[in-house]
Amino acid sequence: MADCHFIVFANEKGGTGKSTTAVHAAVALSSAGRKVAVLDLDSRQRTTTRYLENRAASMARLNCELPTPRFMVNEADNLVGFERSLDALCEDSEFLIIDTPGRDDPLARISAARADTLVTPLNDSFVDLDLIGEVDPETYAIRKPSFYAEIVWDARKAKAQTGGEVDWVVLRNRLQHIEAKNMRRVARALNDLSRRVGFRVIPGLSERVIYRELFPSGLTLLDIDHFENVGLSHIAARQELREMVAAFHLPEEGVTQDMFEAV
């Protein structure tokens, strides 16, 4: 397990595109030739699992092979069962992606403390920003870190006790194509908070209908060859996906944007 890089997608709010970005990151790494496994901790909604099951069904329907990670749902609600799931997936894997529920969950907290890369997707709004920092209503300046920043602080302390380090990445999802005053205010507040709390801010996936349309087929933007109609917006969306994964700054043997040129 020591050689397996843990990428944990986590926050305590639903609707931020967490599962979508987790699946796209997993497929992107698989497309780059890496050995990837995915653990879905949400045994009730199973969004990530359903996405990858739909992908398997599309492979059968299209009679083709698509780069796909190994995946499983963690059905156990105890630490012993969780550890068994980790051991099973980490065997012969370079990267383990863990998608956590959008709520406070004991195994999600443990996962954050195991993370090498912790990814927190946020919609580009003050509603989601409130998860990690309280904002002054008049100046839009950060008053203080919020409860989820404290959870990550605890996770980092736990990781440090084992000699490790958590690289916390806040992902700005559903960015609008037209820059607005609110977008600039959110950006300033996030940059201020990042210096105080210690995370990196990177752009995620824009607000595009295509991300919602891909779920039933299990396809991603890296599977454009299997799309019926490919437009410039699809190509632009694929490029932002490449840039997002490259910005995770995974280990050298991980993935860079150059590795996608043939994909």
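Guide: Start with the sheet. Seen in order, the strands run β3-β2-β4-β1-β5-β8-β9, an open sheet of 7 strands with parallel pairing. Strands here are DSSP runs of E with at least two residues, helices are runs of H or I with at least four residues, and both are numbered from the N terminus. Two strands pair if DSSP finds at least two bridges between them. At the edges sit β3 (70-73) and β9 (200-203), and each pairs on one side only. From one strand to the next, the twist averages 20 degrees.

A word on the source. This is a predicted model, in which local features need pLDDT of at least 70 and side-chain atom pairs count only at pLDDT 80 or more, while totals for chains, interfaces and linings use all residues. Residues are numbered from 1 along each chain as its sequence is written, and side-chain values use heavy atoms, with hydrogens and water left out.

Now the spaces. Rolling a probe the size of a water molecule over the atoms shows where empty space is left. The search uses a 1 Å grid over the protein atoms alone. A cavity is a set of points where a 1.4 Å probe fits but cannot get out. A pocket is an open set with protein on both sides within 12 Å along at least five of seven lines. Lining residues have an atom within 4 Å of a point. Grid points are joined across faces, edges and corners, and a volume is the space filled by probe spheres set on the points.

First, the largest pocket. Its volume is about 500 Å³. The lining has 29 residues, and T16, G17, K18, S19 and T20 lie nearest the centre. Helices α1 (18-31), α2 (47-62) and α8 (209-213) each give at least two residues to this lining. The largest share, 4 residues, comes from α1. By class, the pocket lining has 5 nonpolar, 14 polar and 10 charged residues. In this count, Ala, Val, Leu, Ile, Met, Phe, Trp, Tyr, Cys and Pro are nonpolar, Asp, Glu, Lys and Arg are charged, and the others, Gly among them, are polar.

Next, the cavities. There are 2 of 30 Å³ or more. The largest cavity has a volume of about 70 Å³. It is lined by 13 residues, with E12, R103, A108, R109 and Y148 closest to its centre. Both α4 (106-114) and α6 (147-160) supply at least two lining residues. The largest share, 3 residues, is from α4. This lining holds 6 nonpolar, 2 polar and 5 charged residues.

The second largest cavity holds about 40 Å³ of space. Its lining is L122, N123, D124, S125, L129, R172, V186 and L190. By class, that is 4 nonpolar, 2 polar and 2 charged residues.

Strand β5 (residues 117-123) runs parallel to β8 (residues 167-173), and 7 bridges join them. L122 and R172 both line the second largest cavity. Helix α7 (residues 181-198) lies across β5, β8 and β9, at about 175 degrees to β8. Such angles run from 0 to 180 degrees between N-to-C directions, with axes fitted to C-alpha atoms, for helices over the stretch in contact. Contact means heavy atoms within 4.5 Å.
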